[in-house]
Amino acid sequence: GERIDMTVNNDNGRAIAQSADFQKGINAIDNALDKKQTIILNVDYKDGTAGSADRAGDHFIIIVGRTIIDGIAYYHFYDPATRFTDYGTANTNVLYVKDGFLQGSFIKRNGSVNKYKVTSVRLNK
């Protein structure tokens, strides 16, 4: 589907700034959730890229819900990069806007952490 790029990325595939379409990406996520739909996001968490068109996406995650606390939206995600369901669907899998990025962390079973910055939203058809 159509892609909304939410970041500007450097030559090493790292998200370095918010794009002009950042809010459009947030709106697309909110609109999907308002319709009770999940939505796929591409995230940056390491140098280089997996060869995706936005030159920054290392991995895909799925937004499955949203909680608003004190006016801050927390987006719950599932991470398909693990065979351990309790990690892939953990309550700690959340993204929120901080320092100009939609970002959060995924804690892996071995205790290491992937720090995610959302680079793009893939619109539902």
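Q: How many aromatic pairs does a search of the whole structure find?
A: Keep in mind that this is a predicted model. Ring pairs count when the centres lie within 6.5 Å. Searching the whole structure on that basis, the number of aromatic pairs is 4.

Q: Is the Tyr74 and Tyr96 pair stacked, edge-to-face or tilted?
A: The ring centres of Tyr74 and Tyr96 are 5.7 Å apart, and the angle between the planes is 50°. Stacked needs under 30 degrees and edge-to-face needs over 60. That leaves the Tyr74 and Tyr96 pair as tilted.

Q: How many residues apart are Tyr74 and Tyr96?
A: Tyr74 belongs to strand E6 (residues 72-78), while Tyr96 belongs to strand E7 (residues 94-98).

Q: Are Tyr74 and Tyr96 buried, exposed or partly exposed?
A: Buried would take under 20% relative accessible area, and exposed over 50%. Tyr74 comes in at 23%, and Tyr96 has 28%. Because those values fall in between, Tyr74 and Tyr96 each count as partly exposed.

Q: What is the distance from Lys117 to the ring centre of Phe101?
A: There are charges over ring faces here, including Arg109 over Phe84, at 4.2 Å from the ring centre. Lys117 lies over the face of Phe101, and its distance to the ring centre is 4.1 Å.

Q: Which residue in E9 stands opposite Asp44?
A: Strand E4 (residues 39-44) runs antiparallel to E9, and 5 bridges join them. Asp44 stands opposite a residue of E9, namely Lys117.

Q: How many bridges join strand E1 to E9?
A: Strand E1 (residues 3-5) and E9 run antiparallel. Asp5 stands opposite Ser120 in E9. The bridges joining E1 to E9 number 3.

Q: Which residue in the turn between E8 and E9 has a positive phi?
A: E8 and E9 run antiparallel and are joined by 5 bridges, with Phe106 standing opposite Asn114. The two strands form a hairpin with 5 residues between them. The turn residue with a positive phi, about 95°, is Gly111.

Q: Which side chain is joined to that of Asn110 by a polar contact?
A: Asn110 sits in the loop between strand E8 (101-107) and E9. With a relative accessible area of 64%, Asn110 is exposed. A polar contact of 2.7 Å joins its side chain to that of Ser112.

Q: Is Thr7 buried or exposed?
A: Thr7 is in strand E2 (residues 7-9), and its side chain has a polar contact of 2.7 Å with that of Asn9. Beyond neighbours within four places in sequence, Thr7 is in contact with residues including Phe101 and Val118. Its relative accessibility is 6%, so Thr7 counts as buried.

Terms used: Residues are numbered from 1 along each chain as its sequence is written. This is a predicted model: local features need pLDDT of at least 70, side-chain atom pairs count only at pLDDT 80 or more; totals for chains, interfaces and linings use all residues. Side-chain values use heavy atoms; hydrogens and water are left out. Rings of Phe, Tyr and Trp (its six-membered ring) pair if their centres lie within 6.5 Å; planes under 30 degrees apart count as stacked, over 60 as edge-to-face and the rest as tilted. Helices (H or I, at least four residues) and strands (E, at least two) are DSSP runs, numbered from the N terminus. Buried means under 20% relative accessible area, exposed over 50%, partly exposed in between (1.4 Å probe, protein chains only). A charge sits over a ring if NZ of Lys or CZ of Arg is within 6 Å of the ring centre and within 35 degrees of the ring normal. A polar contact is a pair of N or O atoms within 3.5 Å; within protein, one must be able to donate a hydrogen and the other to accept it, and residues adjacent in sequence count only if both atoms are side-chain atoms. Two strands pair if DSSP finds at least two bridges between them. Contact means heavy atoms within 4.5 Å.
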